[in-house]
Each structure stands twice: as structure tokens, then as C-alpha cells.
Amino acid sequence: MSHSTVPRSRAEAQTTGAAPRAAGPPAGERPGRKPSGRLGLRLRFRRDRTLILMTLPAVVLVLVFNYVPILGNAVAFQEYDPYVGDNGFAAMLRSPWVGLQQFERIFADPAFWDAVRNTLVLFGLQLVLFFPVPIVLALLVNSVVRPRIRAVSQAILYLPHFFSWVLVITVFQQIFGGAGIIAQTLRRHGHEGFDLMTDPGIFKFLVTAEGVWKDAGWGVIVFLAALASVSPDLYEAAAMDGAGRWRRLWHVTLPALRPVIALLLVLRVGDALTVGFEQILLQRDAVGPGAAEVLDTYVWWNGVRNQDFSYAAAAGLIKGLVSVALVLAANKVAHLMGEQGVYKK
Amino acid sequence: MTPNAASASPGQSRRSFLAATGLATAAVTGGMPLLAACGGAEDGSKDGTTSGKSAQKLLPAYVASNVVTPDIPARNGSAMGFTRKLDLAGLKTSVPKKHGRGGSIRIMSPFWGTPPKGDNAYYRAMNDLIGVDITWQNQDGNTYDEKLGAVLASSDLPDVVVIPSWNMGGRIPSAIIGKFADLGPYLSGDGVKKYPNLAAVPTGAWQYSIFGGKLRGLPQPAPSVTGIVPFYRKDVFDEEGYEIPTTADEFLALAKEITRPRAKVWACDDMKWTAFNVFGVLSGSEKPLGWNLADGKMVYRVETEEYLEALEWTRKLYAAGVVHPDARAVRGTAGDRFTAGQVLIYNNNISDWWGKMAEQAGQRSDLRISGMDIFGADGGDPTLWAGSPAGIFAFVNKKASKAVVEDVLAAADVTAAPYGTKEYMLTNYGVEGTHYTVEDGVPTKNDKGNQEVVNAYVMLAGPAPTIAHPDLPVIAEEQVKWQQRMGAFTRKSVFWGMQITEPARYTNLSDDFEQLEDDVVRGRRKIGDVQQAVSDWRKQGGDELRDWYRKLHDDTGSAQ
């Protein structure tokens with residue numbers, strides 16, 4: 001069949017492995033043509049089939065692991081019992097539909113509003129206290145001239161990123177806990193000890209501090225890359241015009257970083273309701289859910305621990321919808337500021 | 001005590017730690033075992049219990065087996081104790097010929113500690129004795145409930161799934177009824193006589209294995225005396241001259257005396273579960289045990305004065321600063337703080353009594369653990385509530401063929417062998433020379449034994465509750481005696497011994513109490529919040545659930 005010149009067969013031939021012949025003609029069609037718009041669907045397919053084939057595995061993965069599971073959100077409108085069927089899907093078909101009942105339960109649950117409040121406060125704190133840190137660190141690292149010192153300091157900054165949360169929190173407990181190094185040292189010298197790890201009042205600062213220690217160094221990478229792309233000519237020209245260190249920073253470096261900062265900010269806002277799962281779950285019991293429950297742990301607790309699947313799915317759905325709205329809004333703001341944002345129409 | 005106690009190791013103590021905290025989990029996560037065929041059923045046949053005549057028809061016949069006469073017979077709901085030297089040369093054979101037909105079985109089971117390689121000398125020896133090729137899918141016992149729900153919801157279920165009763169929260173009971181096989185055709189009545197060791201499993205444990213009107217579980221029988229022991233460092237107490245407290249106030253006073261943060265010593269770890277026992281709070285381990293008739297009124301544990309008093313006392317301990325800060329932060333392991341001397345009192349499953357001694361034998365031979373008697377809050381006799389006749393069950397996949405079910409029963413017949421048999425010795429100690437050595441007639445597990453002969457086969461089905469530590473007979477005696485003393489104060493609540501499934505709509509009703517307890521004792525919430533939560537609980541279904549239990553009780557009476 002593969003000797004036919006009918007496009008469809010050829011595409012078929014390609015999938016069955018007769019690749020060498022396929023590469024020629026479509027490439028030949030490309031010169032002189034205006035991009036896609038005017039081509040027929042079939043021609044475009046012929047032209048791009050190699051690319052399409054290459055993306056196919058990724059598309060399948062996205063479909064199977066991102067899009068198909070979206071259908072599972074249907075259980076948010078059910079009283080889902082996974083055990084009434086042989087598999088999850090059969091169980092979905094047999095579980096009763098309850099309309100918006102799960103959502104009503106959620107909105108009536110004070111613990112949910114605690115989780116929303118904690119999530120937003122944490123997001124705010126992280127935005128103010130965490131977000132700028134990598135930028136400052138990047139500027140510092142960038143100002144180091146000697147390659148060796150620079151490499152070493154970068155390595156030190158990145159390293160904590162590779163520690164697991166369990167380890168990070170254990171280390172914090174050993175240092176700042178009620179029986180930690182600092183408290184015990186104070187006691188041995190006749191002072192009162194203290195316990196930073198179980199104080200609900202400062203928990204959100206603690207979580208942010210842990211985040212900074214662990215991940216700020218990692219965040220430096222993107223900004224360093226952006227800084228590397230700034231043309232040295234600009235600095236020289238600015239220096240020729242008599243700009244000092246700070247003016248160069250203000251008028252050259254920061255404007256160069258602006259698109260990246262805007263992009264990351266949009267992404268961060270879209271992720272606003274995701275403020276750390278494992279990290280918070282591990283410390284939830286130390287301060288109680290009143291201070292530590294965030295939306296992700298709330299969903300986990302109700303879904304996985306209490307097996308109230310529909311309830312958790314509904315809570316997850318709410319979170320998802322709000323997140324989409326936030327991304328759209330943040331993107332819009334980025335456009336208004338004249339930046340690219342995440343995408344453009 | 002479970003037969004596992006005999007094979008305890010550092011991992012074993014984690015297991016029991018879980019058993020202790022598991023109580024809490026069960027309390028928080030919801031619905032309990034179900035039952036068909038009976039009164040109170042409003043949602044069809046899935047909830048309720050099976051008792052009386054309908055239960056009689058399902059129960060296996062009981063044929064006692066006395067291989068070795070216990071030195072301390074079971075009394076007051078205790079285990080039986082063996083303290084004499086074991087005659088290793090004279091071990092009996094309780095399974096004369098292999099029942100197993102050489103099939104292969106996959107078993108998923110919780111595992112506390114670090115699982116050994118899948119192919120090891122212990123598993124090979126056991127499989128050889130049973131005549132079945134068993135593959136263990138060992139899962140972390142501390143997070144078992146997080147995986148169990150997903151595994152049970154999948155279409156690819158192992159042949160056998162082991163489920164502890166404290167992991168039967170949420171919708172697990174409905175999964176047990178929907179996904180697991182009825183063993184009645186193999187075991188009911190005289191059917192069990194084909195498996196002599198299973199026939200010697202106490203009837204109460206079998207009755208408790210009836211889920212959804214069918215005999216579905218292979219039980220690991222448990223003593224009815226509470227498993228939570230307030231342990232103390234006897235070596236330190238003796239040296240410092242501390243007196244064992246006999247009232248709640250004395251405990252607090254002693255705790256203040258002991259606590260010296262400068263020296264990194266705190267009196268105790270989290271004592272909430274002991275507080276519940278001291279104040280006589282109804283059991284929180286399984287939901288039906290939390291209900292009782294008081295002056296003709298059906299009450300749930302959270303509604304009682306005792307519950308509030310217990311929380312208030314525990315709160316005082318935290319407020320007085322006598323609880324280790326890491327316990328407040330819920331980090332690390334209580335047992336480790338105890339052996340390290342950072343706390344002198346902690347509570348855990350009774351298996352730690354031997355477990356900690358054995359664990360520390362090589363490193364700290366002067367360490368001596370002991371359990372204090374549970375005292376009544378005001379100094380009188382305590383009121384303790386009986387625990388269930390079985391704590392861990394093995395279930396067979398509904399889709400398993402007859403041959404697979406029979407192979408599983410063959411395996412269970414070996415693991416349920418009583419003390420003094422070759423099968424018990426292999427199950428709990430492994431192979432002589434490989435897993436344990438014998439010195440002066442006393443078997444002691446070596447490193448390989450401690451690695452491999454842990455959990456797994458003992459999870460399948462067990463003999464009547466047994467405590468025997470040939471290496472530390474004194475400890476075995478103390479354990480059984482403690483159980484018997486506490487057993488004298490132990491009462492059975494009205495639904496004791498009945499496997500009850502609440503209607504699905506109440507599954508998550510009581511989820512939040514455990515969290516609230518932990519908040520209150522740590523001073524983050526107030527006792528008033530508990531009272532508020534109880535009043536909400538009544539309105540949101542607690543009162544309806546009370547009526548349901550009331551009707552269940554009227555229809556079935558109690559099992560006692």
C-alpha cells in the first residue's frame with residue numbers, strides 16, 4: 001500500500017515505519033507559501049505530519065493524565081461511593097446524583113473558610129516576603145565577578161532545594177523547637193526556652209521562612225538567566241553618561257528583568273491557592289487546622305483520610321475555578337502593564 | 001496482646017504505636033463495620049449487625065486445642081501467659097499435612113518498620129511449610145489508610161487484603177462487603193474442622209468477623225482488656241524514688257516534679273489515651289463501642305462528662321509544661337524519647353513492654369520499662385471499657401477461585417497455630433540457626449530474624465491471645481498480670497462484640513472530634529468548643545444516629 005501517492009496512505013505508511021520516503025515532498029511544499037491560514041486542512045496535515053507525529057506522545061499523555069481525569073470532577077455532584085462498582089468508572093455510574101448538595105455543605109463548613117483564609121494570608125505573605133528574595137539574591141550573585149566564588153555561592157544557594165520537606169521540617173524542629181538547640185542552649189544559661197514550631201500565631205511566617213530557606217536559591221536561576229541576557233553595552237553606555245551603581249540598577253537591570261518578573265508574578269497568582277501541600281500537611285498537627293489548614297490539605301483530609309470523595313472533589317473544583325479566574329485576571333493586568341504575560345490572544 | 005508480640009522488634013513498637021494512634025484515626029474517620037440482616041436497617045441491607053440465630057448459623061465450630069498448658073491462664077479478658085522454659089525439642093505438630101496446593105497468592109498487608117526483601121529465607125520457609133507460594137505486598141502501616149481506599153476502589157485487587165479495625169473508617173466497611181468473599185461455605189459449622197488451628201480461634205473473634213451478614217474476615221483475636229498501657233521508666237523511678245501516682249492530681253504533681261527542661265527531661269509524652277482510661281471514657285477505638293446505655297438513655301462518648309474531664313486534665317498537663325515539646329508538635333516517636341530518657345512516662349500498646357526491653361537489650365541493659373496500673377481519676381477503681389475480640393482481619397478477594405480460598409485458609413491454619421507448636425515457632429521466630437539462636441534452651445532472634453521475621457504471616461490469622469517471651473519471661477508475667485488486674489475493672493459496653501455498620505449517611509458525622517481533642521489539649525481550642533461541636537453533632541445527625549442505635553439495641557439486645 002505504501003507505493004500509493006495518496007496522502008492518506010502515505011501518512012499511514014509513515015506510521016507503519018516506511019519513514020524515509022515521507023520526509024521529502026512535504027518539505028518541498030513549504031517554500032513560497034503563506035503560513036497555514038490558506039491551506040486546506042489536508043494539505044496542512046501533509047505538511048506538518050512529522051511534527052504532529054512527534055507531538056502525539058505528549059498529546060496522548062496530556063489527554064490521559066490531564067484531560068480524562070477532569071471527567072472525574074463529575075463526582076462533585078454525586079454522593080460517590082467507589083466501592084459500589086468493580087472500578088472507579090463503574091462506581092461513578094452507580095453513585096447517586098445529588099446536585100449541588102456537596103457545595104452547600106462546603107460553604108456551610110467553617111473549616112473550609114478557615115482554609116480559604118489561611119490560604120490567602122499565606123499567599124499574601126509569600127508574595128511579599130518570598131517573591132522578592134530570589135531577585136535580590138540574583139542581583140547579588142550577578143555582582144560577584146570571580147567565577148569560582150560565584151559557582152560556590154550558587155551551589156550553596158541551590159542545595160536546600162534538594163532536601164525533602166520531611167528533612168527540612170525536622171531540621172527546623174531540632175533548631176527552633178521547644179527541645180531544640182536554641183531553646184536548650186538558652187535554658188542551660190538560665191533563660192526561658194521557647195517553641196517556634198507550635199505557635200499558631202507565627203505559623204504562617206514560619207512556613208514562609210522555611211520556603212525561603214529551601215527554595216529561594218532555586219528561584220535565582222531564572223533571574224540569573226535574564227540578567228545574563230542584558231547587553232553589557234547598556235551598562236557601559238549608562239556609565240559613560242555618568243550613571244552610578246544604583247542608577248544603573250534602576251534604569252538598566254530592573255527594566256531588563258521586568259518581563260520575567262511579570263511572567264513569574266502572573267504564574268504565581270494563578271497558583272495563589274497552591275501554597276504548599278506536603279510542607280503544611282507535615283506541620284498541620286503541630287499548630288492545628290485552625291491555623292494550618294489550607295485548601296490543598298483540606299481537600300486531602302476530606303478526600304483521602306475521611307474518604308468523603310464527593311465533598312473533596314467539590315472543594316477541589318472550587319479551587320480550580322477560582323485559580324482559572326485568577327490567572328485570567330493576572331494575565332490581563334500584565335497586558336495592561338504592557339507586558340507579555342503568559343499568553344496573548 | 002496479639003501473637004505478634006512474640007515477634008516484636010523495633011518495628012513492632014511502631015506497629016503498636018499505630019495501634020494506639022489508630023484508635024484515634026478510627027474515631028475520626030468515620031463509619032464502622034457493617035452488617036446486614038438485621039434491625040435498624042433503613043438504607044437497605046448494608047447496615048446493622050448480625051447476631052443471635054442468624055449469627056449462630058455462620059459461626060465456625062469451636063474445638064479447643066491445648067498443646068501447652070499456659071502457666072497463667074487467661075482471666076478477666078487477658079491473654080494467656082507462658083513463662084516456663086519452652087521445650088524446643090518437644091514442639092508439637094499442629095498441621096500434620098500440607099493443605100496448600102501449591103498455588104500462588106498475593107497478599108497486601110500493613111507493615112510497621114522496614115520490610116525485608118520479597119524473597120527471603122523466612123518467607124521461603126513459611127511458604128514451604130504451608131505449601132503455597134505467597135507474595136507479600138507490604139505497605140507502610142502508618143499511612144495504610146491513605147492507600148487502602150484507593151486499592152479497594154481499583155479493579156485489580158490482591159487475593160488477600162489485611163485490614164486492621166482502626167483502618168475501617170470512611171467507606172471501607174462498604175468496600176469489605178462489596179469486594180470480599182464469603183468464607184462461610186468453607187468455615188461455618190463443622191467446615192472449620194478441616195483446619196484445626198482455625199477451629200481453636202475463639203468464637204467471639206469469629207462473630208466479630210461477620211461483615212454484612214457473611215463471615216468474611218480471618219481474625220487476629222485480641223484480649224478485651226485495653227491495649228493502652230501507661231509505661232514508665234522503672235529504672236529511673238527507682239533511682240529517683242518517684243512514687244507511682246494513684247490519682248489524676250498525683251500524676252500532675254509527680255509530672256511537675258519530674259520535669260526539668262534544662263536537663264532535657266520532661267515527665268511525659270501525649271497522655272490523651274490514658275486520660276480517657278483514667279476518667280472512664282467510653283472506647284474510641286471503634287464507633288459502636290463509643291455508644292452505651294446509661295440510665296436507660298443511649299449516649300455517645302463525646303456527650304459524656306468524663307470525656308470533657310479527660311480532655312481538661314490532659315490540657316492541664318500541656319499547660320503545666322510537663323509534656324515534651326516534640327509531642328506537642330507531633331514530631332518524632334514517643335518510644336524513642338522514652339528510651340532516650342527525654343520522657344519518663346508515655347502510653348502505647350502493651351506490646352512495647354517487651355518490645356522496648358528487647359530493643360534496648362544490647363545497648364542499655366539497665367533500662368527497665370514497666371506499666372503503671374490505670375488509676376481512677378479520684379483514686380478509686382478505674383472504669384475501663386472492653387476492646388473488641390479481634391483487631392486485625394484478613395479478607396479474601398471475592399473473585400478468588402475456590403482453590404485460592406482454600407490455599408489462603410491453609411496458610412491461615414498455619415499462622416493460627418498455638419504456642420508450643422512447630423508452626424508457631426516458625427511463624428514467630430523463623431528458622432533456627434538462620435533467624436534465631438538457642439542458648440540454654442532460650443530462643444533469641446538474631447539480626448536477620450529481626451529483619452525478616454516481622455509482621456507478614458502473623459497478620460493472616462492468629463491463635464487465641466497469647467503472651468510468651470521465652471527470652472524475658474518476667475516481662476510476659478508482668479504483662480498478663482497487668483491485663484488481669486485491669487481486666488477486673490473492665491466493663492463491656494452495650495454493643496461490645498457485635499460487628500456493626502452504621503448507615504452510610506453518618507459515615508463522616510464524627511470526623512472532626514479527634515482533631516478537636518488534639519486542639520483542646522494543646523490549648524488551641526476551649527472545652528466550650530467541644531460542647532459546641534457536640535451540640536452541632538446532635539443536630540447534624542447525632543440524634544438520628546442515637547435513634548438508630550436505640551432501635552438496633554431493641555431489636556438485637558446485646559451480645560453479652
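Analyst: This is a predicted model. Start with the spacing. In chain B, the C-alpha centres of domain 1 and domain 2 lie 27 Å apart. Domain 1 of chain B is pieced together from 33-44, 56-225 and 388-491. Domain 2 of chain B takes 228-385 and 495-556.

Now the contact between them. Domain 1 of chain B puts in 32 residues, and domain 2 of chain B puts in 29 residues. On the domain 1 side, five elements of chain B each supply at least two residues: H5, helix H8 (203-207), strand E5 (210-211), helix H19 (473-487) and strand E19 (490-491). H19(B) gives the most to that side, with six residues. By class, the domain 1 side that touches domain 2 of chain B has 15 nonpolar, eleven polar and six charged residues.

From H15(B), the contact is made by B:Trp353, B:Trp354 and B:Met357. From H19(B), the partners are B:Ile475, B:Glu478 and B:Gln479. These residues divide into four nonpolar, one polar and one charged. An α-helix has 3.6 residues a turn, so residues three or four places apart point the same way.

Next, helix H17 (residues 422-429) of chain B. Seven of its eight residues are buried, which leaves the helix mostly covered. The buried residues of H17(B) are B:Glu423, B:Tyr424, B:Met425, B:Leu426, B:Thr427, B:Asn428 and B:Tyr429. What covers them? The cover includes three helices of chain B, namely H3 (121-130), H16 (402-415) and H18 (447-452). Strands E16 (436-439) and E17 (442-445) of chain B are also part of the cover. Just after H17(B) comes B:Gly430, with a positive phi of about 85 degrees.

Strands E16 and E17 of chain B lead on to a loop. B:Asp440 lies in the loop between these two strands. B:Asp440 is exposed, because it has 5 other C-beta atoms within 10 Å, and the cut-off for exposed is 12 or fewer. The C-alpha atoms of B:Asp440 and B:Lys85 are separated by 9.6 Å. Along the chain, those two residues are 355 residues apart.

H18(B) leads on to another loop. B:Asn455 sits in the loop between H18 and strand E18 (466-468) of chain B. Its phi is positive, about 55 degrees, although B:Asn455 is not a glycine. B:Asn455 is buried, because 23 other C-beta atoms lie within 10 Å.

B:Asn76 has a positive phi of about 55 degrees too, and is not a glycine. This residue is found in the loop between helix H2 (52-58) and strand E1 (80-82) of chain B. B:Asn76 is partly exposed, because it has 15 other C-beta atoms within 10 Å.

Then there is the partner chain. The contact between the chains takes 31 residues from chain B and 30 residues from chain A. Helix H4 (144-153), helix H5 (172-179), helix H13 (325-328) and helix H20 (513-521) of chain B each supply at least two residues of the side that touches chain A. That side of chain B has seven nonpolar, twelve polar and twelve charged residues. Note H5(B): it is listed on the side of chain B that touches chain A, and also on the side of domain 1 that touches domain 2 of chain B.

Chain A itself has 17 helices and zero strands. Of its 345 residues, 27% are buried. Among contacts in chain A between residues at least 6 apart in sequence, 60% join residues at least 24 apart.

The axes of helix H9 (residues 165-176) and helix H14 (residues 278-287) of chain A come within 9 Å and cross at roughly 45 degrees. H9(A) and H14(A) are therefore oblique to each other. Their crossing is right-handed. H9(A) contributes A:Trp165, A:Val166 and A:Ile169 to the contact. H14(A) contributes A:Glu278, A:Gln279, A:Leu282 and A:Gln283. By class, the residues of this contact are four nonpolar, two polar and one charged.

Technical notes. Residues are numbered from 1 along each chain as its sequence is written. Chains are lettered from A and ligands numbered from 1 in the order in which they are written. This is a predicted model: local features need pLDDT of at least 70, side-chain atom pairs count only at pLDDT 80 or more; totals for chains, interfaces and linings use all residues. Two residues are in contact if their C-beta atoms, placed from the backbone, lie within 7 Å. Helices (H or I, at least four residues) and strands (E, at least two) are DSSP runs, numbered from the N terminus. Ala, Val, Leu, Ile, Met, Phe, Trp, Tyr, Cys and Pro count as nonpolar, Asp, Glu, Lys and Arg as charged, and the others, Gly among them, as polar. A residue is buried if 20 or more other C-beta atoms lie within 10 Å of its own, exposed if 12 or fewer, and partly exposed in between; C-beta atoms are placed from the backbone. Domain bounds come from an automatic or database domain assignment. Axes are lines fitted to C-alpha atoms, for helices over the stretch in contact, and angles run from 0 to 180 degrees between N-to-C directions. Angles under 35 degrees count as roughly parallel, over 145 as roughly antiparallel, 65 to 115 as roughly perpendicular and the rest as oblique. A crossing is left-handed if the near helix is turned anticlockwise from the far one by less than a right angle, and right-handed if clockwise.
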